[in-house]
Amino acid sequence: DPNADLPDGWTLMRWVNEEIRNRQPWKITIAGSYTAVEGALSANNSLYTLGPISGQLGLYADAGSSPLTYLACGTYGGTTPLTGKIALLYRGTCSFAPKVKNAQLAGAIAAIVINNVATAPIAMSGADNTITIPAVMVSQADGAVLAAQVASGVQVTLPKAAAPPPQIDGDYDNGVVTHEYGHGVSTRLTGGPANSSCLGNAEQGGEGWSDYLALMLTTNWATAQPTDGPNARPVGTYAAGQATTAGGIRRYPYSTSLTTNPLTYANVAANPEVHAIGEIWCAALWDMTWNIIQQRGTIQPNLYNTTAPGGNTIALQLMVQGLKLQPCQPGFLDARDAILAADSLLYQGQYHCAIWNAFARRGMGFSAVQGLSTSATDQVAAFDTPPNVILQKQSTVLAGNTFTVSFKLSCGCQSATTPYTLTDELPTGMQYLSSTGGTLVGNKVTFSNLTFATPGQTQTLSFQAQATAAAACTPVLPVNDNRETQLLGGFANQTTTGTKLWAPSTAHAYSGANSWAAPADTIPTDFTLTSAPFTPTGLSTLSFYHYFDFEATYDGGLVELSSDNGVTWQNAAAYFVLNGYNSTFDASTTSARQRCFSGRSVVGNTRFIRSVLDLRSFVGQSMRVRFRTNTDTGSPGTFEGWFVDDIQVANGCGGNQTIELRTGANAVQTSQIIVTYLLPAANLATQGATLAATSQFSTVPNPFGAQGLQLQLSLPTRQAGLDLTLYDVTGRALLRRTVAQAAAGTSTLSWPEAANLPTGLYLMRIALPDGSSTTLRVERE
């Protein structure tokens, strides 16, 4: 009998330490066993420090209560003092710390709190270091047993507790600290240096980039071997109180072994929580790192030494440069493509296959579909690498009288010995003139028997064509508004909700100093900028340059079309042929679940993008177009809104070039459309001469440096739509830019993004509206 040696009326309460993290559960015996849990209310009331404590139980009677209650939320009102006793009281009405403090003020030497629900006792929380008496909680049923003994004067003993476990602080976990600082890196680099609001979308790898930096900065690269990729690398083991070889705080340790870490892009939708999807992004980056290490064959022991790069430092450089290149609100495939672009910029594409193989095995292959970056549940995983032959994307819209149409093809990660075929079906009135290696059958230019002996090999194909006089015409611009010298379009404001309006602004402009601007308000608004009626004829497109900066998915802009003079409007999502919507409005907004422009349009340092819509479905109909802005209540930051410039509707002559790349089995692998305007020769500054021949171009200085490229151009007449492309010496396109308007005479165009290029030789191709082009050799010092 455990009570045999106790004085009459005494009962032993035996407390057994059953440690649950840093809290102290105990075991009670009073004619049986009962569970109790010590609270965490003060740094000065631990049973480890104060026990053993013995005393008579006493109920804490609330002063003035009728019927009598025992909650200890106010002063003590019992007839018998609690001095020197262990107070018994009930949970409820007020928080735990005041209850125990009141018991202490009434003279109690400890407190036992009875749960007020029929569940297990909990560890009481609070923060009052003036509490100096121990406090525990017991269950409702066990509390009833104890309360029944109070009248008989039962006494209890609370023995000294075992030493508490160490208080583990994640601030001492190197991986956790690196992870958190890593958020600063990814947040500040994505979307340009002046923006920190680009990683709020659903499918973004913020947690993954941070885990990756934690892995990279806590690996001992001095002892690492190129074969270490399959080794398990957990994160957060110290913070979780685990051995370094345990699983850590993620679902799986990181490893290039799919047995150790099986996560892929196909697992994103099942658990779109940010840390869960971050694991998948980090897994792909970690695979990429070891692929590059294997290809390179070396590891740089000092991660900060970039003068003698190993596979590990190259991978880290690609990740960081990818952050700078990716768009605002990047999805996983956007971020993958930015890393591929970084490889072209930094290493001339020599690690493309290592990168593609890593992402493909994690489900982010060539055929994968990202869906909306603002949704983490609409992606489609694919595990394939790029096809053996890749056709570089062409310009979407082209205008001219004479054309040099070029195609660049490159071999993927495997040789392509089976012949491919490239065809370009010309629109009526675009007359084939000549080519090297191409033939004309009907109205289709065909390049046959295209083979590639080695991965990375490139081929450039081209042909010359001209618009026939009968098929060409000068485009008519029923809408032409640049807020400078051209104000055609009759744009007018209308407000449905709120008080905000579109207005001319000098804050941002694509050309000149002015643009239309719509503010991003912090209250619900719905307002539009609407054109006067116009009629599309022939080959008709709507184009505009714009920069937008909105709270992602909650605020944004739409383009809407009406063919009944504004009685009804339809979202123009289906008609974009270049730079369509990037997001979808949240279900709680005015335009719930409609496609829209939201988040930020910034890519690197470029603000404005060009969007183009095909209006041929409305030929012959009177139409109106409007730019509509919606905002909701509140905002997590300050956003600039929507700036629209150089709005044009062009009614002209021409049609589509339809380009197809076919495999040896005659299957269409890639198809592209070029909307082609056919202009009369009279539009050119000099009859019989191309714009390239009658214009002058140069770069100053050359070599160029940290200020980027400065292009000096001299044109015979004002021109619309110059396309600039910067290539490395292997022919890979690195940067592209479209100039909406170039003035007649001499002018200078700045291209600051070129400053991000590494030292080396580059080629700049300038494509002019008549289809002619010229190429300059430039050097980055």
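Cys 413 is partly exposed, at 25% relative accessibility. Keep in mind that this is a predicted model. Its disulfide partner is Cys 353, with the sulfurs 2.2 Å apart. Cys 353 also counts as partly exposed, at 26%. The torsion about this S-S bond is -110°, a left-handed link.

Cys 411 is in no disulfide. The nearest cysteine sulfur belongs to Cys 353, 8.4 Å away. Cys 411 is buried, at 5%.

Next pair. Cys 198 and Cys 328 are bonded, sulfur to sulfur 2.0 Å. The torsion is about -105°, so this disulfide is left-handed. Cys 198 lies between α4 and α5, Cys 328 between α7 and α8, both in loops. That is 130 residues of separation. Buried or exposed, Cys 198? Buried, at 1%. Cys 328 is buried as well, at 5%.

Cys 596 is in no disulfide. Its nearest cysteine sulfur is that of Cys 328, 13 Å off. Cys 596 is buried, at 0%.

On to Cys 73 and Cys 94, joined at 2.0 Å. The torsion is about -95°, so again left-handed. Cys 73 is in the β3-β4 loop and Cys 94 in the loop between β4 and α2, so the bond ties together parts 21 residues apart. Both are partly exposed: Cys 73 at 31%, Cys 94 at 24%.

The overall count is four disulfides. In sequence order, the pairing runs 1-2, 3-4, 5-6, 7-8.

Methods. Residues are numbered from 1 along each chain as its sequence is written. This is a predicted model: local features need pLDDT of at least 70, side-chain atom pairs count only at pLDDT 80 or more; totals for chains, interfaces and linings use all residues. Side-chain values use heavy atoms; hydrogens and water are left out. A disulfide is a pair of cysteine sulfur atoms within 2.5 Å. Helices (H or I, at least four residues) and strands (E, at least two) are DSSP runs, numbered from the N terminus. Buried means under 20% relative accessible area, exposed over 50%, partly exposed in between (1.4 Å probe, protein chains only).
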